[in-house]
Amino acid sequence: MNPLELTLGIMTAVGGFVDISELVFAAQAGSSFGYALIWVFAFATIGIIVLGEMSGRVAAIAKQPVFNLMRHRLGLKLGLVTLLASLISNLITCAAEIGGLAIILHLLTGATYMLMAAASVVVLIATIWVLRFKWIERTYGLLGLFMVIFAIALVKAHPPWADVAAGLVPHIPSGLSSKELISFAYFTVAIISAVMFPYEAYFYSSGAIEEGWGPKDLVINRLTCIVGFALGSLLAISILANSAHLFGPANIDPELPGSAAMQVALPLGGLGLILALLGMLFAVAGAAVETCLANAYSAAQFFGWAWGRQKKPWQAPRFTIAWVAIMLLALGIILTGIDPMKLVEYAVLFSVLVLPLTYLPLLLLSQDRHFMRTHRNGLLGNVLGWFYFVVIVIAAIAAVPLFILTAGGQA
Amino acid sequence: MKPTGRIELIGGLLDLPLLDKEGVYCGVVDDIELDGASNAPTVKSLLVGPGAYRGRLPGWAMRIVGGLAGTRITRVPWEAIAAIDSSVRLLDTANAYGLHRSENRARSFVPKRGAM
């Protein structure tokens, strides 16, 4: 195990953890419910650690990424339904990330939102075209580490640490009205969805294939998931806690990503604000790349096309056309003028509906003696895996009614 | 698993990805063609391509697939298989079995410059 590779892998996972949905929902959750939803972030993070580790292990041992094996397990009909649902969900998420990117660039430069959306897509396409997989992942992941400024701001803001710690204990705050309880439930489902987005499993397992993982990489896989995702989650929790400490008492609703950056400006001033915006810029840009590539990976793996960004774009032409088309389609959605924050809500809703179909084949495969041999799930992996599967099924069933009842978290 | 061994056709082979001898993905086992001349049918070829979805999808879905992706079918003879595990590995390149036609067509639209 190369310590440098491990460190870079973990840092990339930390910097790449937060995306536009986590930014928005963490900030809103903090301002609306104080520290009471911190445990949901911690709970969902354990879920993505368990299922992310499985997707990396399956890729390393079975030598196939999630979508290849999904079709083999679910069959053509259910596989096609899953493919279509995940394509739609990832496309909406990609559009939301591009919208978020445009807002942040607008705040940084003052240029118009639409122009910044188009410019972002040009830069994103250029970087995916020019760089190989490892450098795409590392460039955005490592630059996303600017997000650490949110954790520094939290320390500087001196929140009531006992309350922050109490937020880690699963509970529902007492004294909520029924309307507030429904809103709390909506935020719970939305945070689970945002932390466990299906694109993360597609991207992570495809990345493992791109980098040629084998049994010797299982330790890196486990450490990257556990340490990288846990530290990444701390950044999201910092955003929530900052929001609870600074925005909640002032009745500020941080609906836009720019509001989250203000959390840093208050304790750390102008430099902090710029670093926060840069962190958000690279984290969200990384997520846009991941969602776009996740869709191209899914389609290519489902239909058996040549794929991968270790290859040159013309060596996997249908895959290349797919990711370029997805990026342009996502830009097209933004250029219609739709509110990007609405897209974030739709992305979270669609994603939670796709989650069970994404993770069921993964669970079945990760305990398959034929494919996984001695590396199949142990007792703990199976118990945790099936527990989180039940959780995401419940979240998927509850998502649509909660979305309607709360008008997308607005009520 | 050797291709000469007994295999569970539906569970073991259908919908597995195909890899050519250079390790390039070149399709998925969309259906299987049996040689029914004897009482004990044997696999004659793997069917690859959207046309092979017929019989596996409802008619309305097949019409959509046909409209979007065409109805071509490529037959890969059983003898062309080197190994079956989490994928089906072929003895020769995808071109040798006509599995790279769509990929080659798409290649003409992709500029061949600028990438590391």
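Predicted model: local features only at pLDDT ≥ 70, side-chain atom pairs only at ≥ 80, totals over all residues.
If you look at how the two helices pass each other, α3(A) goes by α9(A) in a right-handed crossing.

So who's touching whom? On the α3(A) side, you've got A:Val40, A:Phe41, A:Ala44, A:Thr45 and A:Ile48. Facing them from α9(A) are A:Thr188, A:Ile191, A:Ile192 and A:Val195. Sort the residues of that contact by class and you get seven nonpolar, two polar and no charged.

Let's move to another pair in chain A. Helix α2, residues 20–33, packs with helix α12, residues 257–303, at an angle of about 145°, and their axes are 9 Å apart. From α2(A), the contact takes in A:Ile20, A:Leu23, A:Val24 and A:Ala27. From α12(A), it's A:Pro257, A:Ser259, A:Ala260, A:Met280, A:Val284 and A:Ala287. Which classes turn up in this contact? Nine of its residues are nonpolar, one is polar, and there are no charged ones.

Now let's zoom out to the chain as a whole. Chain A has 16 helices and zero strands. Its radius of gyration is 20 Å, close to the 22 Å that the globule rule gives for 411 residues, so chain A is as compact as a globular protein of that length.

How many of the 411 residues count as buried, as a percentage? That comes to 57%. And here's one on how the chain folds back on itself: take the contacts in chain A between residues at least 6 apart in sequence, and 86% of them join residues at least 24 apart.

Last stop, the neighbour. Chain A puts 26 residues in contact with 24 residues of chain B. Which elements of chain A give two or more residues to that side? They are α4 (66–109), α5 (113–130) and α13 (317–335). The largest share is from α4(A), with six residues. As for classes, the side of chain A that touches chain B has 14 nonpolar residues, six polar and six charged. Compare that with the two helix contacts we began with: α3(A) with α9(A) has no charged residues, and α2(A) with α12(A) has no charged residues either.

That's my tour, thanks!

Notes. Residues numbered from 1 in each chain as written. Chains lettered and ligands numbered in written order. Helix = DSSP H or I, 4+ residues; strand = E, 2+ residues; numbered from the N terminus. Rg over C-alpha atoms; globule rule 2.2 N^0.38 Å. Buried ≥ 20, exposed ≤ 12 C-beta atoms within 10 Å, placed from the backbone. Contact = placed C-beta atoms within 7 Å. Nonpolar A, V, L, I, M, F, W, Y, C, P; charged D, E, K, R; others polar. Left-handed = near helix turned anticlockwise from the far one by under 90°. Axes fitted to C-alpha atoms, helices over the stretch in contact; angles between N-to-C directions.
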